[in-house]
Amino acid sequence: MDYFIHLAILFAIYGILGLSLNLVVGYTGLLSVAEAAFYGVGAYVTALLLVNAGWNFFAAMGVAVIASAAVALVIGLVLSRFGGDYYALASLGFGVIIYSIFLNWQAVTNGPLGIPAIPRPDFFGYVIGDEASYLVMSLVFLLLVYVVSRFIVRSSFGRAIRAIREDEAAIQVFGYRAINYKLLIFVIGAGIAAIAGALYASYITYIDPSTFSVNESIFVLAIVILGGLASLRGSLFGAAFLVLLPELLRFVGFPDTIAAQMRQAVYGVLLVVLMLYRPEGLTGEYRL
Amino acid sequence: MSKSKTLWVVVGILIVVVAVVYVVAGRKAAEKNVIKIGWVGPLTGDAAAYGEPMQKVTELAVSEINAMGGIDGKQIQVVYEDGKCDGLDGANAVQKLVNVDSVQAILGGFCSSETLAGVPIATAAKVLMLSAGASSPSLTNISPYFFRDYPSDAAQGKVLADAAWNMKHWKEVAFIQEQTDYAKGVYDAFATEFQSLGGKVINQPFSSNTNDFRSILTTLRSQHPNALFVDVQAPLEATRILTQVQQLGWKPSLLIPDSVAGDPPTIRENQAILEGALTAEFGTDPTNSKFEHLVSSYQAKYGAVPSYESYAQTFYDAVYLLKDGINAVGNNGTALAQWSRTIKDWQGSSGSVTILPTGDRASGHRLEVIHGGKAVPAAQ
Amino acid sequence: MSILPQLIANSLIAAGTYALIALGFNLIYAATKFFNLAHGAMATAGGYAAFFLLQSFVGINVVLAAALGVLFAGLLGWALDRAVYRELRKRKASNTVLLVASLGVFTVIQAVIAMIFTSQFQTLSGGAADSVYQIGGAAVTETQVIMIAAAVAIAAGLGLLLKKTLLGKEVRAVSDDEEVAKIVGINTERVIGWVFFIGSAIAGLGGILVGFDTGLQPTMGMSLLLRGVIASIVGGVGTVYGAAAGALLLGFVENFGIWKISGEWKDAIAFSLLIVFLVFRPQGIFKR
């Protein structure tokens, strides 16, 4: 039962990541491979504030969201100029640079040694220490993110970013400065990803750079593509499926040494098969 | 059914399947006549070179104890988890052992990284952690629920720094240091002592998956240090670095940490370049009868002598220490934690074990020199 | 300054490695206009194929094993095109879809190699000592000399191939405009097949040489690929000279960068170079 709760918490975290990336990739059509960078900024800022400064978890999360958005703003100023494949490659580049900072700016992040002993959240005196209450909290955040995403998508802002996805040149003719919208959605996506980062940090109580590598960005991309581009429900399906998949594989009984690689192989095959036969994903409205 | 309904059904079925599997699996494991103990160590990856033999040593000790009736008539069952010598997996391993297997004591981690990440989790759950290999000075006094029967690297660094300054009269030592808790601990201990003596240390850290050290080595060499400290986590990496040192035509005086010195094949393979190199090990005493018993039993059971004798002895002792603890105060994390600080002059295969209030073992590393492909005690 | 020759030598060696990857990558991009991220896996596959041969047939001639490894990599690349990319092109998939699919392919190949050969580090030389030459104050091993020589030879050879041979002309025609080439009667699929074969074979050679120089690891493909991508874009996507120039610049910037900034920032330095070019000169050094 406890292990099941563990999986559910992971589902909530990846669900949030999936939703945030879908806003950028699915709705705006920008292939960003930098998700893990903002996930990581959120995790590290939260962890540092909790461990070094004894802050309240929710306040720390707030700061983490702002920090992540700020980093996204800086990167986005450069990134938003590009389109298509160059956007993807440049975002990959930024992802690597940020990962490098996590790994090497040891004075702040402690490098590969990581940050241990991250405390669990304290909600007005009640410590959310056991797994079940943590799950409840995570699901609450997931719901919040879902509602916010839906709001964005249904607003006129949402229509604008969809228009950018369909034909960026055309929308410029109508007086919309596409670059501003691309920047804004990128920043919003990064802020949401930071929420997931904060949840992750306090849950596992230990973070190190390895979680926030390019591979992780690819994993979240797989969630979004599988679930369906521009489908919020799809991202939740994608997250649930890909979180459960390793457990099913474990059930099949691959020896431990192979299990991790098998998982990677399955993700890869999934991406290829999806591109070949269903590029819009399970419930998506858009194909890349 | 509409498309999205189908999907919810599919996901729902998946969830139910996984849930059933785990409930069933969990029920099977609930046996009453067993004392479950956790074990965390690197079973995969470069450090598996250490983790696997140490798992075998643990198994050896456990089977001996079980054959003699176990503890209070109950058999010991060890749940082995792969810490992969990194913090994240160490944390996950400890979390699983604490939450899913409900152990009261964990043997582990082996690597300092696994241990540093896992101790806070065990402490919050009031579970004891006993490490037979983690040597980072950061673990000293980290938690009342942690202790180790392997000495801290503060000893290793200090011994080597003293030898470098007083015996070899070196003024500047260059480090090529892998970014892991263990290697950093060794560096910190050495640098603190060496600098307080008046020496200078330069360091080029590298991340663990680096294979091309040439530019790093070139940069270090250009500063004309008196010696090079190859501070790595696993022996294979030392060979890679030493090969490239040779290719660059550099012949510096060398220092190596005990992770390398404890691996005889690596020492033999690089014996030409390592001749005269300084190292420090928590050595073994071949005249110790328990140690002899360990070696011969291991050989009988597995058909080879145990690799890494320094660790084999502490791993063997750790199981017996835990047995004595559970016998004395019962299988309870808090009781065991309090008991651990009372360990004084406990006789094991690694000699006399005394645990300090900080959780550290009272004793340390000895200076050694590589000579003829072997690590031998140095003449002081 | 006594280490200058060594730094220059290190830069040339790195440039040689990157050039071997970039040349193939560039060639494939020129002909198909998509960024084949699976390219890095070709290098890994070539290296491990040679490793497999050397392990299984003790005493086999090293050059023969290497040649077979190169052949294997080329065939693998060709097969991937046939099985995956060609299908996608038939469905008029966008370049982004191909990019994502190639990402999936890369992940699968890397995982399969890790499963078969374990994630442990392996060397092709089997520990045999490499002769070291002292050239102008720098120490260079035999393998490294071969690497630089191979890069130069292949760059020149590729240039000649494209200029003088019939296939080369066909490749250039396809690169200029695939539709027109088809109209003129060129079997574009066959030409693209050749392009994948040649490009992947060159990458395979790169992987094998790296295997001799530093060693093999299943994850080496990603970092080689990323360097190849940087070299290609910086040098000018789609030109042979571009790949060579980009590789040279990258090699020097990285190694001299390490000298001034600590070695751990190598990745960040490489990607910063990419970002700088993307911002200020996206067409690269040599325009098409």
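Which residue of chain C forms a salt bridge with B:Arg214? The partner is C:Asp213, and the closest N and O atoms of the pair are 2.9 Å apart. A salt bridge here means a side-chain nitrogen of Lys or Arg within 4 Å of a carboxyl oxygen of Asp or Glu.

Some ground rules before we go on. This is a predicted model, where local features need pLDDT of at least 70 and side-chain atom pairs count only at pLDDT 80 or more, while totals for chains, interfaces and linings use all residues. Residues are numbered from 1 along each chain as its sequence is written, chains are lettered from A and ligands numbered from 1 in the order in which they are written, and side-chain values use heavy atoms, with hydrogens and water left out.

Back to the interfaces. Across the one between chain C and chain B, the rule finds one salt bridge. There, 22 residues of chain C are in contact with 17 residues of chain B, contact being heavy atoms within 4.5 Å. The area buried between these chains is about 1700 Å², with 49% of it from carbon and sulfur atoms; buried area is the accessible area (1.4 Å probe) that two parts lose on being put together, summed over both. Now turn to chain A: 38 residues of chain C touch 34 residues of chain A, by that contact rule. Chain C and chain A bury about 3300 Å² between them, 79% of it on carbon and sulfur atoms, and zero salt bridges turn up across their interface.

Next, have a look at helix α8 of chain C, residues 188-213. Helices (H or I, at least four residues) and strands (E, at least two) are DSSP runs, numbered from the N terminus. This helix has 26 residues and spans 37 Å from its first C-alpha to its last, close to the 38 Å expected at 1.5 Å a residue, where the expected span is 1.5 Å times one less than the number of residues. Of its 26 residues, 22 are buried, so α8(C) is largely enclosed by the rest of the structure. Buried means under 20% relative accessible area, exposed over 50%, and partly exposed in between (1.4 Å probe, protein chains only). C:Thr188, in this helix, counts as buried at 3% relative accessibility. Setting aside neighbours within four places in sequence, C:Thr188 is in contact with C:Val174, C:Glu178, C:Ala181 and C:Lys182. Just after the helix, C:Gly215 takes a positive phi of about 135°.

Chain B has an open sheet of five strands, in the order β2-β1-β3-β4-β5 with parallel pairing. Two strands pair if DSSP finds at least two bridges between them. The edges are β2 (75-82) and β5 (146-148), each pairing on one side only. Inside the sheet, β3 (residues 105-107) and β4 (residues 128-131) of chain B pair over three bridges, with B:Ala105 opposite B:Leu128.

In chain B, B:Asp188 pairs with B:Lys184 at 3.3 Å between the closest N and O atoms. Being four residues apart in helix α6 (residues 181-196) of chain B, they are separated by about one helical turn. B:Asp188 is partly exposed at 33% relative accessible area, and B:Lys184 is partly exposed at 25%. In chain C, C:Glu254 and C:Arg227 meet at 2.4 Å, N to O. This pair links distant parts of the chain, 27 residues apart, with C:Glu254 in helix α10 (residues 240-260) and C:Arg227 in helix α9 (residues 220-235). Both C:Glu254 and C:Arg227 are buried.
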